[in-house]
Structure formats: C-alpha cells, structure tokens
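Hi,

Here is the structure I promised to pass on. Have a look at it first, then read my notes below.

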Amino acid sequence: MRAQPKASHFVDGAYLEDRAGAEIEVIYPATGEVIARVHEATPAVVERAIASAARAQAEWALVKPVERARILRRAADLIRERNRALSELETLDTGKPLQETLVADATSGADALEYFAGLVPAVTGETIPLGRDFVYTVREPLGVCVGIGAWNYPTQIACWKSAPALAMGNAMIFKPSEVTPLCALKVAEILVEAGLPAGLMNVVQGRGAVGASLITDPRVAKVSLTGSVPTGRKVYAAAAEGMRHVTMELGGKSPLIVFDDADVEDAVGGALLGNFYSSGQVCSNGTRVFVQKGIKERFLARLKERTEAIRLGDPMDEAVQMGPVVSAAQMEKVLAYVEAGKAEGARLVTGGARAGDGGYYIRPTVFADVTDTMAIAREEIFGPVMAVLDFEDENEVVTRANATEFGLSAGVFTRDLTRAHRLVGRLEAGSCWINAYNLAPVEAPFGGVKLSGVGRENSKAAIEHYSQIKSVYVGMGPVEAPY
Ligand code: NDP
C-alpha cells in the first residue's frame, strides 16, 4: 500500500487507529489502484477529538500570540522543507499533476501559516472613550472549531482553516473528504512536530455523518465547510441549531468576460487557467466564458490550439500538465455533462471524451455557441469542461453573468480599465479578477456571495471569522442608580 498513513486519525497529538469504523479505500485516480485504507471515526474517536480539543484550547487561549505565531512559522518552514514529499502525497490523494502540487498546495498551506503567524500578534482591541468612563474591546477565540474539507485541495483547505483558527487561540478538528483523507494527517503531524500542544489540531476521517456529528456537539463553537451548495445547506442548518459561527465556501458557476479589446493571448491563458487547472476541479473556475462577438473566432482558434497542446498523462511526470479527475464517480458525472452539452446543441470545439482506460482521465473540453439555458452553462460541472458563450455589449453581459444563483468569482479581460472597474462593481461575486484569473493569495479575502457562501477565508477578514469581540465597559465613578 504505497501511501498508507500510520493510522486513520490524528487525535490529541498522536496518530490513532480504531478499526471498528467502516473502511474507506483510498484510490489513486491516475490508475484506479488502492493506495491506502483508513477507517471512519467511531463515536469514541469523535469524543476523544472533541474532549482533547476542548481541554487544549483552554490552555492555548492563554498563550501569548507571538508564541503561538512562532509554532505556526516553524510548521510553515517544515512544510516547505518537505514540499516534494507532501506534493507527491497530494498527487496520490487527488491525481493532480506534480507540476501543480509542487507550487500550489503545501506551499499555499505554508503561506497561510506564515501569514496568520505574522498577523496575529498585531491583532488588538480598541478603547472607546466615554468621558469619565470607557469601553475596551478584546478579540477572543471562539473555542473548538470544526473544519470540513472538499477533495480538490486537501492540504490547502486543512491549512487555510487551521492557520487562522490556531493563530487566534482556537482548537481545530478537521474532517477531510472521504475521497482524499491522507494529506491533512501530515499537516497535523507537522504542526505537532513544530511544537503545537496536543489536542489543538485533530484529524478525524469519515463520510458526511461524521461531519454532522461534530457540528452538533455543544462543545463546538464554529464550523467552516468547503464543499457543495447542498452540503452547505445541511451544515449551515445544523450549525444554526446551536447558533454556531459558520464559514461556507461553496460552489460556483463563475463568469469570465472577454471584451473585443482584450489581449487575446492573455484572455485565452486566463480561460485555460480558469477551466483546466486541477482538471477543472476548482470552485472559483470561470466556467462560463463570455466572449464578445468581434474577438470570438480569433479567441476560439487560439483556445483550441492551446487546449490541444495540453499534456495530459501520468501526474507524477513533472512535464505533464493535466492529470485525471479525482474519482470514477466524478468522471462519470463530468462525462454526463459532456453528453448533455452535445445533446443540447453546443458546438464541441475540442475534447469531449474520456482518455485512456486506466485512470479517470477526461480530455480538456471546450464547447462554443453555448446558450444561457443549457445545463453546461447553469450547473457546476467540476471537471475540465469550458463553455464559451457569445455577447454583444456590456449591459447584456452583466445581466447574463449575474443570472445565476451562485456568486463565487468573476473575471474581466479588457484593455479599458475604466470599463473593467465599472463592470466589477456590478458583478455579483466575492472574488473578482481583472486581466487575470484564479489567483488566490493568502493576503486576499476569498469567498462567495449568494449561494456560493458566507464569510471569507484568508486575509485579515479571516481573523474576524475565528474570533469574537468582547466589549468591556469600565465605570470610573459612582454608580448613579435612580432607585
Ligand atoms: P461535498 O459537499 O460533497 O462534501 C464536502 C465535505 O462535506 C466532505 O468532507 C463531505 O464528506 C462533508 N459532508 C457531506 N455531507 C455532510 C453533512 N451532512 N454534514 C457534515 N459534513 C458533510 O463536496 P465535494 O467534496 O464533492 O467537493 C466539491 C464541491 O466543493 C464543489 O461543489 C465545489 O464547488 C466546492 N468547493 C468550494 C470551494 C470554495 O472555496 N468555495 C473550494 C473547493 C471546492 P464526504 O466527502 O466524506 O461525504
């Protein structure tokens, strides 16, 4: 078993096994081979995770921010030192090419740890003068936080949630997707090696029911989910029962708008990055590419050429640019959308089929002449399928771009920067790009509007989502009671 972890879970500072939980097979998407087996967390494992997190958090909240920061920074250094091994594990877990994982996963996790380590000692409250009396505020941790991850970025998601949580004095219990259970264990192991006290970073495996049992425990103060809208609805509702804090990073069907005056190479590059990176399994992808009519044929010609030059293959070969999708189920789902696109009359420019017969490979696919009502223009596919739609003018494209229940991201390619800013002002999306696409540095807030989510990850904004304000009124004079 080439990627078997030491045990299924990481609880109270150490690996923990409990074979009573149902078995989960971990499959390498490039070959279909079983590379590890883990067990779902039993109620006993969940209880140990929550109890240890609650115990450890009470102590951690009393540790000075600079000391907490030092540990997180050490963890970031360890992650960078081990980037290659962690990237190979990420590739085994997800099937994403090493060419990507070497630069986008563990490194992004290390960025988050470094960023929040740097930020947290500078988080202070304020003093509000009231004449003789005054109020001061303190930013306090929430307590035990639960993170639930999707399968597309297992290392990054674990770090994006745990870094701000731990920096602010919380404990984290992370449940990875059952499809990619391996990487978060390494994040927990490294944090403990860096000096994080036991109990503050726990990883428990399992399907949705394990996640659900974590959210409803009265000792849990917050849940941060990265996942689909249907799961988000369930998790948000369960959290509401106990009035828990939530961050919801959910799906999208984001517009990427290309005007006639755009640099064609840049716009095609943006569309490729926004549709084919990670085999299209990125929530913020610009999967509705609106192209103004004057540039359409030039855009499509270059798009076809550059798409057909993408090297699809063994994700462990560093020259390979695209790997398989994450699972057989995801492949079937994506191929069904490809068939729907053909059946609904979209023009297949390139791709449109499975590649090979071993792993879960799909050729990068471009449809042109897509209309707003087609399923491939309305529903999140989460695979390498780009829909190109035509438009004539700015007002029309803004209306059509916003005509979706999602609102995660949006992009604009144009040389007219006045128009770009005007357009961005009207687009209903949490993260927008002008003449760029899908860059998500830790310094920038990330998250959606409408059904795409609640709250923001990364940036200073995340501090607010992992802490709460206490307001303290200080009376300096005699109490004037009218009674
Ligand atoms: P799912 O919504 O299926 O699952 C997300 C996580 O929630 C998984 O760990 C899942 O467990 C767990 N889960 C499922 N049901 C429950 C429940 N009732 N209570 C608690 N936890 C539950 O998403 P996918 O893993 O399929 O990921 C793809 C989706 O994630 C896409 O829609 C994509 O847009 C979105 N996404 C959003 C991002 C963002 O930042 N906005 C980033 C990346 C992805 P299990 O898998 O074990 O069933």
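Around the ligand there are 30 residues, and the closest are Gly149, Ser228, Thr231, Leu250 and Glu380; a residue counts as near if one of its heavy atoms lies within 4 Å. Keep in mind that this is a predicted model: local features need pLDDT of at least 70, side-chain atom pairs count only at pLDDT 80 or more, and totals for chains, interfaces and linings use all residues. Residues are numbered from 1 along each chain as its sequence is written, and side-chain values use heavy atoms, with hydrogens and water left out.

Who makes up that shell? By class, 13 residues are nonpolar, 11 polar and six charged (Asp, Glu, Lys and Arg count as charged; Ala, Val, Leu, Ile, Met, Phe, Trp, Tyr, Cys and Pro as nonpolar; the others, Gly among them, as polar). Helix 8 gives the largest share, four residues (helices are DSSP runs of H or I, at least four residues, and strands are E runs of at least two, numbered from the N terminus).

Now some polar contacts, meaning pairs of N or O atoms within 3.5 Å. A polar side-chain atom of Ser228 sits 2.6 Å from a ligand oxygen. For Lys175, a polar side-chain atom is 3.1 Å from an oxygen of the ligand, while Glu178 uses a backbone N or O atom, at 3.0 Å from a ligand oxygen.

Cheers

How values were computed:
A polar contact is a pair of N or O atoms within 3.5 Å; within protein, one must be able to donate a hydrogen and the other to accept it, and residues adjacent in sequence count only if both atoms are side-chain atoms.
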